[in-house]
Amino acid sequence: METNSNAVLSTELSGKLTITLKPGKTLDEFCERNFDNYNSDQYEAVAIRMYYGKEVVVTLYALDKVRQEGTNYNINKIPVKKFKKTTIGLAELFAFIEEFNFTLSAGNYAIDEMEVINK
């Protein structure tokens, strides 16, 4: 393991977030309630991005099941439709979330290279 003795303290943390939906709730239901023109017959949700700063922006990337072929798409990428919403409140988000778990790293060391020694 290498350490970076010249590392500057970062103001940005990055990592991974896992969300478990409440029993009986689905991602499709959340998307249909919160994004205009989303319906699970035509779209399949593949990713959600949430930005919190000067405003809250929730962006949904959904596979268009109908428009899979065309000459203007990169064949090495998945064609998705982007849905954007700036009016979703925390109450609407937490109505679907049973629990969430995340780990953030300052980036100086890889999390998978760490070993907890005070077990």
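Two strands are taken to pair if DSSP finds at least two bridges between them. The views below show a predicted model.

**View 1. Strands β3 and β4 meet in an open sheet.** Six bridges join β3 to β4, and these two strands run antiparallel. The sheet is open and consists of three strands in the order β2-β3-β4, with antiparallel pairing. Its edge strands are β2 and β4, the latter spanning residues 80-85, and each of them pairs on one side only. From one strand to the next, the twist averages 20 degrees. Helix α1, made up of residues 27-34, packs on this sheet and touches β2, β3 and β4. The direction of helix α1 makes about 65 degrees with that of β2.

**View 2. Strands β2 and β3 form a hairpin.** Three residues lie between β2 and β3 in this hairpin. Strand β2 covers residues 43-52 and strand β3 covers residues 56-64. The two strands pair in the antiparallel sense over nine bridges. Within this pairing, Ala47 has Tyr61 of β3 as its bridge partner.

View 3. Thr59 lies in strand β3 and stands opposite Lys84 in β4. The relative accessibility of Thr59 is 5%, and the residue therefore counts as buried, the cut-off being under 20%. With neighbours within four places in sequence left aside, Thr59 is in contact with Ala47, Ile48 and Arg49, as well as with Lys82, Phe83 and Lys84.

**View 4. Aromatic residues and a stacked pair.** The count of aromatic pairs comes to eight. Phe100 and Phe102 form a stacked pair, with 6.0 Å from centre to centre and 10 degrees between the planes. Phe100 has a relative accessibility of 45% and so counts as partly exposed. Phe102, at 43% relative accessibility, likewise counts as partly exposed. One aromatic cluster is formed by Phe30, Phe35, Tyr38, Tyr43, Phe83 and Phe96.

**View 5. Lysine residues over aromatic rings.** The ring of Phe96 has the charged end of Lys25 over it, 4.9 Å from the ring centre. Lys81 lies over the face of Phe83, at 5.2 Å from the centre of that ring.

Terms used:
Residues are numbered from 1 along each chain as its sequence is written. This is a predicted model: local features need pLDDT of at least 70, side-chain atom pairs count only at pLDDT 80 or more; totals for chains, interfaces and linings use all residues. Side-chain values use heavy atoms; hydrogens and water are left out. Helices (H or I, at least four residues) and strands (E, at least two) are DSSP runs, numbered from the N terminus. Buried means under 20% relative accessible area, exposed over 50%, partly exposed in between (1.4 Å probe, protein chains only). Contact means heavy atoms within 4.5 Å. Rings of Phe, Tyr and Trp (its six-membered ring) pair if their centres lie within 6.5 Å; planes under 30 degrees apart count as stacked, over 60 as edge-to-face and the rest as tilted. A charge sits over a ring if NZ of Lys or CZ of Arg is within 6 Å of the ring centre and within 35 degrees of the ring normal. Axes are lines fitted to C-alpha atoms, for helices over the stretch in contact, and angles run from 0 to 180 degrees between N-to-C directions.
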